[in-house]
Amino acid sequence: MAATKTDVAANAVDDRVLSTAQQIVKSLNTPKEVREDMLLILSSFDNRLSSISSLINSDDSKTKNDRLDAAEKVILRWDPNFDVSRRSLNWEDSPDEAAEYLSAVDDILRLVEDLSIGSESTEFVDRAENAIQMAMCRLESEFRHILIQSTVPLDAERLYGSIRRVHLSFASNYSEIDDEFENFSEDSRSSGRFHERGGTIGEDSWVDLIHPDAAVDLSEIADRMIRSGYEKECVQVYSTVRRDALDECLAILGVERLSIEEVQKSDWKFLDDKMKKWIQAVKVTVRVILVGEKRLCDQIFNGAHESKEICFNETAKGCVMQLLNFGEAVAIGKRSPEKLFRILDMYDALAGVLPDLEAMVSDEFLISEAHEVLSGLGEAATGTFAEFEKAIESENSKKAMQNAEIHPLIRYVMNYVRLLVDYSKTMNSLLEDEERSVNDNDDDLQLESTSPLARRLLMLLSSLESNLVDKSKLYEDVGMQFIFLMNNILYIVKKVKDCELAQLLGSNWLRRHSGQIRQYETSYLRASWSKVLCCLKDEGIGGSTSNAASKTALKEKFKNFNAGFEEICRAQTSWKVSDAQLRDELIISVSEKVIPAYRSFLGRFRNQLESGRHSGKYIKYTPDDLENSLSDLFEGSPAVSHHLRRKGT
């Protein structure tokens, strides 16, 4: 009996020791591996503690089952297979429910992480894995739902409001060159046609691609899915939903999915509109939308670098490739002069955003495609410029301009060239390897210091001037030929002076062409007035003006002068010199030739004719009458000069 009481007392002590040790180990809440190490250490001090391991493991198993049961209940509560009314977690209005669900997932993940091989029953492991699978199905659905519901539609109107536009006064509604360029003039601005160079994205341009609060919830879900081994599913859902969202952004920006065939069959008005929208869309997509998408990926996949990179690359690829496909279609399309400036705008836009794209996208294929399209647009630009040059060289319309006015070809080419100068940096870069052989007889073309674009423009203007000389020969009147040349060369010179062309072509070019106008003026005076002025020379009158023969010759000279002067005034009043300064200079030059010669001739021989009958028939005009008549020259009016009247009337 005494032994029994002793045994009971000993057992009670043992139980208290075991219980205390068990509570110590459990209260530390350490991982299983650490607990086992602690048990080994304790049992080495007291062999009574050797059985504590089995007791604690037994207790742990019960606790784990309880935790798994509790977590399963939460997960099953939101499984539509068990409760069809549970469609979706209410992350916004009932954050506690969402937090409870995520906590249940975390608990199961911790249970799974604590499992050691062979330490748990197969049933427990299967239950935990099934619970995780159900939870991931729910979270995948929630991830997709939140991504879709929280997407913020692109506010293009607000975004474009921050884009500074640059409008250049040049016609963008071009017609074919072989239509004699009738639609190209400086009046294109008044008809509402202009070339609008692309805008720039303001530094304050930004967009929220999803509601900011949703990004936190998405990050929480993504973290659980990745930790549970469902990274692939998470990335796929994100990429699919966001790819569609970015496609919608392009649609809002006016970018349609067009095949290469559709682009190449499009009329110019339609294509021009699509190219303008593409230029803006490229800038907005890379510098606003993709920057926002990159930021969104960083928020949602914080800490998961590989997932973040894959998601962004896959999401960006769709919209970027859609933009690149259109660029490629334009690059390989028909090359016509009206497309050049849009192509250059496209080239500049893509070249401008490419460094940003390279900094964000790690997909080598996508970056390679972007470089290929950029190269294609560059080739399209130089090829289109070459087509423009050929068109000018081969333009051979035979219709003379009425009244010797400025030819539409000249207006078109000079407006085209002036606008091209705005793209000097791009064109010089593209033309670097496109140099033509130069004409050794042209000093301007031998200037090695000139840029590639300057050399090409010098050749182009040289070709244009040759074309002008050919067109001047369409006029039968030689004097009219020189008026036509003066009008057109002066127009070219003024256009060059009014823009950066002057610096590009150089002062020598300007001096030479200004001198050329003076030469044409001299040639005009000789061609139009030499014959009339010959009537005011003394040759053929004879030594004495008193005899009948001399008077007859004198009368003939006055008669011929009057007829010639009247004919010139009738014809040349209808000729048009648009530049007021040139017109005044021409009238002064004519007056300086004609008036002094007539006054001198009249002073020498007036008395011989006025003493006879019908003197007014021959001496019809005073010098003032002639001067008044000359003031009507080059007005472009077909009417006979109203100043042309006889003296004294």
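Are Tyr475 and Phe484 buried or exposed? Both residues are buried. This briefing describes a predicted model, and it covers aromatic rings and charged side chains. The whole structure holds 17 aromatic pairs, and the count of salt bridges comes to 31.

**Aromatic rings**

- A pair of aromatic rings is described by the distance of the centres and the angle of the planes.
- The ring centres of Tyr238 and Phe301 are 5.4 Å apart and the planes stand at 80 degrees, so this pair is edge-to-face.
- Tyr238 belongs to helix α8, whereas Phe301 lies in the loop between α10 and α11, so the pair ties together parts that are 63 residues apart in sequence.
- Tyr238 is buried, at 0% relative accessibility, and Phe301 is buried at 1%.
- Tyr475 and Phe484 form a tilted pair, with 5.3 Å from centre to centre and 50 degrees between the planes.
- A cluster linked by ring pairs consists of Phe341, Phe385, Phe388, Tyr412, Tyr416 and Tyr423.

**A charge over a ring**

- Lys294 is placed over the face of Phe312, 4.9 Å from the ring centre.

**Salt bridges**

- In helix α11, Glu314 and Lys317 lie three residues apart, about one turn of the helix, and their side chains form a salt bridge of 3.9 Å, N to O.
- Glu314 is partly exposed at 31% relative accessibility, as is Lys317 at 26%.
- Asp345 and Arg342 of helix α12 meet in a salt bridge of 3.6 Å, N to O, and both residues are buried.
- Arg518 pairs with Glu521 in a salt bridge, with the closest N and O atoms 3.5 Å apart.
- Arg518 is partly exposed at 38%, while Glu521 is buried at 10%.

Note on methods:
Residues are numbered from 1 along each chain as its sequence is written. This is a predicted model: local features need pLDDT of at least 70, side-chain atom pairs count only at pLDDT 80 or more; totals for chains, interfaces and linings use all residues. Side-chain values use heavy atoms; hydrogens and water are left out. Rings of Phe, Tyr and Trp (its six-membered ring) pair if their centres lie within 6.5 Å; planes under 30 degrees apart count as stacked, over 60 as edge-to-face and the rest as tilted. Helices (H or I, at least four residues) and strands (E, at least two) are DSSP runs, numbered from the N terminus. Buried means under 20% relative accessible area, exposed over 50%, partly exposed in between (1.4 Å probe, protein chains only). A charge sits over a ring if NZ of Lys or CZ of Arg is within 6 Å of the ring centre and within 35 degrees of the ring normal. A salt bridge is a side-chain nitrogen of Lys or Arg within 4 Å of a carboxyl oxygen of Asp or Glu.
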